[in-house]
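Look at the sequence and the model first, then read the points below.

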Amino acid sequence: MTTKTAKVESQKAAFKPDYNALMGFVVAAFGLVYLIMTFNLKRSAIGDPLAPLYFPIGLGSMLVVFGIIQIFRSDIKKSIDSIKQMKNASEHDKKINRMIAFTCGAGVVYALVFEHLGFVLSTLGFMLAMLTLTDRKAFTKNLIVAAVFSLSIYLLFTNALGIPLPKMPIIGF
Amino acid sequence: MDVLTNLLHGFSIALQPYHLLLVTLGGILGTIVGMLPGLGPATGVAVLLPITFTMGPTAALITMTGIYYGAMFGGSRSSILINTPGDGAALAATFDGYPMAMKGKAESALAISAIASFIGGLIAAIFMVALATPVSRFALKFGPAEYFLLMVAALSMTASMSKGKMLKGFISMVFGLMIATVGIDAMSGSKRFTFGVLELQTGIDFLIVIIGIYALGEVFKSFSALLKGQKKAQTDFGRIWVSKKEWDRSKWPILRSAPLGFIIGALPGAGGTMASLMAYNNEKQMSKNPDEFGEGAIEGLAAPESANNAASVGALIPMLTLGIPGSGTTAVMMGALLMLGIQPGPLLFTQHPDIAWGLIASMFIGNLILAVVNIPLAGLLVRVLAIPAKILYPVVLGLSFVGAYAISNSPVEFYLLVVFGLAGYLMKKVDIPTAPMILACIVGGTMEQSFRQAIRISDGSLGIFVGSGLALGLIALTVGSVAFPFIKTAFTKKPEEKMAKAS
């Protein structure tokens, strides 16, 4: 059993994913969607009504062509295998994906609360979340780093650089 | 004589105590950021950008170039000490710098990298003085059609130079141009791809794209290294200097590599990485002992270090004189200048000589200050490498978000930052170069406007794009840049095929 697991792990390590064909497909599809959106744009009220469309039409067409060339230049079978292998991603890769997803989620929450909670409080929360993501065991240290970061950046921006940042409700900084 | 007068005027600006303080501060900050693995000059300038927002354009540009050179100086520290380049341009410093450190010659390696960077930067600054005015005067001959073709040539050169992945380079370029089409069309007032979002009407700020791609994308990429653990750097040193024998071995490679680096740096898309790798290969081929390369040959460190700093000065030529950024870092700097209401390009030297010549003079001063900072204080500065990555990456993320807010005063940019961070990571995953996208994103708006202006001037005829010798030359340059990799492959394949047939 152990030998079998080791064999599977070594096969996983030996497999080099190749997403080129998939990438070509995504690129061509994106180009197509962009082209459709371009044709649906409102025409210009002044001058040549199609003037704002020419450049985007050229770009969309180029992307479709490049995507198709990419598909033909790639090993489609290898790309399909790579997609299938995604389910069997290593624990290391899964952990990285979770970290990236968590960071993106934290960024979205940060955007939502930024102006309501003010810079100091929202940044404290965001930084604490990020520091906890990279080091779960050191809560006190993380809290100190997050607090020092948010306060020092706030003071630097508002006092030294003259860039206003949202204030906390009630407390006023 | 004109040039000399202008340069002296530039020195009178750059030597003002405030500007001296800024170039020193920028240089130190840049050295620190450049040293940190994964954070190159582009990320450094992008993340530290908000500190320049309240400055005047001259002070802002001097600070940014200080950060830029500082990052170029600092990039090789982590290459030498932990075998991890701060950025691509410092990659070649790992080949012989790290083996030198392993052999107990870290002091010599740190010293020669700073000396070579200083001399390389200085020689390139002299070239800059000589070339800036003629190039900007020549650029005044450009009409909208030539300007459009110039941008096409710059973009195709950037895309074609993405080694072995030209098609992906062009895909990246088109994505960048598409980003530039978002917002209200400047010539007709029509809304394009705004999806009803008010904040998108002014377009997507390319600084957000840059911070997302470089800073967030790099942090996402670094999560893998974070899980694997951090390498420990040597932080205690003896006297950081070189022996006479080491200097004798290094001086000619340094002097030879600086002009090479400057020329390569001035080509759009080529940049410090290509310059340093070419200088390294060049020296290896010229060396009487090529076997020593990769084992700690001091000239193998001196040559690329000289070339990559010279390239960083060369990269400023197209940005300052033509208004076309040739690299990611100059793109960020150009973005910052545009924000301050200054349009880089041929008119910069006549309309804002204080900015142009103040900057050029500050290159000399900045290089000198950085050499002073990087040789005696190297032991102190490299302690930054001891900062745990677990703290460093969240701090970079925090600075990126606050930088994005400072650019537009709206947290809506945070969503875009996340999107471009993810895009940067995915592009790295599928091996799509990001530089063409960044450059296209910056010049896209002007490129479209030049195209439409040219069409309007010619009453709808495309003949205007082949109507002058300059336009034809630019078309030839574009075709040549696309064809060159194929021709090169064909020529390098032939001897290999012959060898295969012979065997």
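The model is predicted. Chain A has 7 helices and 0 strands, and 47 of its residues are in contact with 44 residues of chain B. Within chain B, helices H9(B) and H19(B) pack with their axes 7 Å apart.

**Chain A**

- Read along the sequence, chain A follows the pattern α-α-α-α-α-α-α.
- Chain A is divided into domain 1, covering 15-88, and domain 2, covering 91-160.
- The C-alpha centres of these two domains of chain A lie 35 Å apart.
- Chain A has 173 residues, of which 29% count as buried.
- Take the contacts in chain A between residues at least 6 apart in sequence: 66% of them join residues at least 24 apart.

**Where chain B touches chain A**

- The contact involves 44 residues of chain B and 47 residues of chain A.
- On chain B, at least two residues each come from helix H8 (166-180), strand E2 (191-192), helix H9 (206-228), helix H18 (389-408), helix H19 (412-429) and helix H20 (435-457).
- H18(B) gives the largest share of this side of chain B, with 10 residues.
- By class, the side of chain B that touches chain A has 32 nonpolar, 6 polar and 6 charged residues.

**Helices H9 and H19 of chain B**

- H9(B) and H19(B) pack at an angle of about 55°.
- H9(B) passes H19(B) in a right-handed crossing.
- Residues of H9(B) in this contact include Ile208(B), Ile211(B), Gly212(B), Leu216(B) and Phe220(B), while those of H19(B) include Glu413(B), Leu417(B), Phe420(B), Gly424(B) and Lys428(B).
- By class, the contact of H9(B) with H19(B) has 12 nonpolar, 4 polar and 3 charged residues.

**Phe53 of chain B**

- Phe53(B) is found in the loop between helix H3 (41-48) and helix H4 (57-82) of chain B.
- Phe53(B) counts as partly exposed because it has 17 C-beta neighbours inside 10 Å; a buried residue would have 20 or more, and an exposed one 12 or fewer.
- Leaving aside neighbours within four places in sequence, Phe53(B) is in contact with Leu161(A) and Ile163(A) of chain A and with Ala406(B) of chain B.
- Phe53(B) and Ala336(B) are 283 residues apart along the chain, yet their C-alpha atoms are separated by 8.2 Å.

**Leu20 of chain B**

- Leu20(B) lies in helix H2 of chain B, which covers residues 17-35.
- Leu20(B) has 16 C-beta neighbours inside 10 Å and so counts as partly exposed.
- Not counting residues up to four places away in sequence, Leu20(B) touches Leu15(B) and Ile365(B).
- From C-alpha to C-alpha, Leu20(B) and Gly366(B) are 8.3 Å apart in space, though 346 residues apart in sequence.

**Pro376 of chain B**

- Pro376(B) is found in the loop between helix H16 (353-374) and helix H17 (378-381) of chain B.
- With 14 C-beta neighbours inside 10 Å, Pro376(B) counts as partly exposed.
- Pro376(B) and Trp241(B) are 135 residues apart in sequence, and the distance from C-alpha to C-alpha is 8.8 Å.

Definitions and conventions:
Residues are numbered from 1 along each chain as its sequence is written. Chains are lettered from A and ligands numbered from 1 in the order in which they are written. This is a predicted model: local features need pLDDT of at least 70, side-chain atom pairs count only at pLDDT 80 or more; totals for chains, interfaces and linings use all residues. Two residues are in contact if their C-beta atoms, placed from the backbone, lie within 7 Å. Helices (H or I, at least four residues) and strands (E, at least two) are DSSP runs, numbered from the N terminus. Ala, Val, Leu, Ile, Met, Phe, Trp, Tyr, Cys and Pro count as nonpolar, Asp, Glu, Lys and Arg as charged, and the others, Gly among them, as polar. Axes are lines fitted to C-alpha atoms, for helices over the stretch in contact, and angles run from 0 to 180 degrees between N-to-C directions. A crossing is left-handed if the near helix is turned anticlockwise from the far one by less than a right angle, and right-handed if clockwise. Domain bounds come from an automatic or database domain assignment.
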